[in-house]
Amino acid sequence: MKRIGIILGSLIFLVIVLFGLWVFSRPERGTTGSVSTHFRMLGPNDKIVIDGFDDPKVTGVACHISRAQTGGVKGELGMAEDTSDASIACRQVGPIKIVGEIKDGERVFDEHRSLIFKKLQVVRFFDRERNVLVYVAYSDRVVEGSPKNSISTVPIMGWSAP
């Protein structure tokens, strides 16, 4: 009986350590800024956060995504489930060069919106007929996703040096 208690205690300790590592090791995505949307007495306020990121396989394209971030104690601990609201804008910022093979629907950005079940994703498509890159931001869950989405297009054009 004592041995079971030691094993159970060790497992609980391991879960707490792993959870703490997950909370404090979440990567920053190059946050451009944020605005508060709802005051919280305890913990940080609810916000709209704007992050910038580059397409890993297409140089010369920069994207910015805004999304809701739940504050409060649950939000600070990473246990709150953020809403599916997000908006994306991608632009050509230099000569566009495709590095390697790109696949339609390939993920270029993702972020967990809850501890386990929900994820915000950005996927890329290449409209070859129009020579346009198409970026779609959406949230999905293990059980069900959300129809909320946002789209941005980047026409591939020549780029002259200033």
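Colleague: Which two cysteines form a disulfide, and how far apart are their sulfur atoms?
Modeller: A disulfide is a pair of cysteine sulfur atoms within 2.5 Å, and by this rule the count comes to one. This is a predicted model, where local features need pLDDT of at least 70 and side-chain atom pairs count only at pLDDT 80 or more, while totals for chains, interfaces and linings use all residues. Residues are numbered from 1 along each chain as its sequence is written, and side-chain values use heavy atoms, with hydrogens and water left out. The pair is C63 and C90, and the distance between their sulfur atoms is 2.1 Å.

Colleague: How far apart in sequence are the parts that C63 and C90 tie together?
Modeller: The link of C63 and C90 is right-handed, with 110 degrees about the S-S bond. Strands (E, at least two residues) and helices (H or I, at least four) are DSSP runs, numbered from the N terminus. C63 belongs to strand β3 and C90 to strand β4, so the parts tied together are separated in sequence by 27 residues.

Colleague: Are C63 and C90 buried or exposed?
Modeller: Buried means under 20% relative accessible area and exposed over 50%, with partly exposed in between (1.4 Å probe, protein chains only). C63 has a relative accessible area of 1%, and C90 has 0%. By that rule C63 is buried, and C90 too is buried.

Colleague: In what order do the elements of the chain run?
Modeller: Let's start with the totals: there are two helices and eight strands. Read from the N terminus on, the order is α-β-β-β-α-β-β-β-β-β.

Colleague: What is the strand order in the open sheet that holds β1?
Modeller: Two strands pair if DSSP finds at least two bridges between them. Here β1 (31-38) and β4 each pair on one side only, which makes them the edge strands. From one strand to the next, the twist averages 15 degrees (axes are lines fitted to C-alpha atoms, for helices over the stretch in contact, and angles run from 0 to 180 degrees between N-to-C directions). This open sheet has four strands with antiparallel pairing, in the order β1-β2-β3-β4.

Colleague: Over how many bridges do β2 and β3 pair?
Modeller: A hairpin through three residues joins β2 to β3. Along the pairing, K47 stands opposite Q69, and I48 has A68 as its bridge partner in β3. Strand β2 covers residues 46-54, and its antiparallel pairing with β3 runs over bridges that number eight.

Colleague: Which residue stands opposite D46?
Modeller: D46 lies in strand β2 and is buried, at a relative accessible area of 14%. Contact means heavy atoms within 4.5 Å, and beyond residues up to four places away in sequence, D46 touches V35, S36, T37, H38, R40, Q69, T70 and G71. Strands β1 and β2 pair antiparallel over six bridges. The residue opposite D46 is H38.

Colleague: What is the bridge partner of R124 in β7?
Modeller: Strands β6 and β7 run antiparallel and are joined by ten bridges. Among the pairs is R124, whose partner in β7 is Y135.

Colleague: With which residues is V61 in contact?
Modeller: V61 is one of the core residues with the most contacts inside the core. Setting aside neighbours within four places in sequence, its contacts are D54, D55, C90, R91, V93, I96, L133, Y135 and V154.

Colleague: How much of the chain is made up of buried residues?
Modeller: In soluble globular proteins, nonpolar side chains tend to be buried together. Of the 162 residues in this chain, the buried share is 30%.

Note on methods: A nonpolar core is a set of buried Ala, Val, Leu, Ile, Met, Phe, Trp, Tyr and Cys residues joined through side-chain atoms within 4.5 Å.
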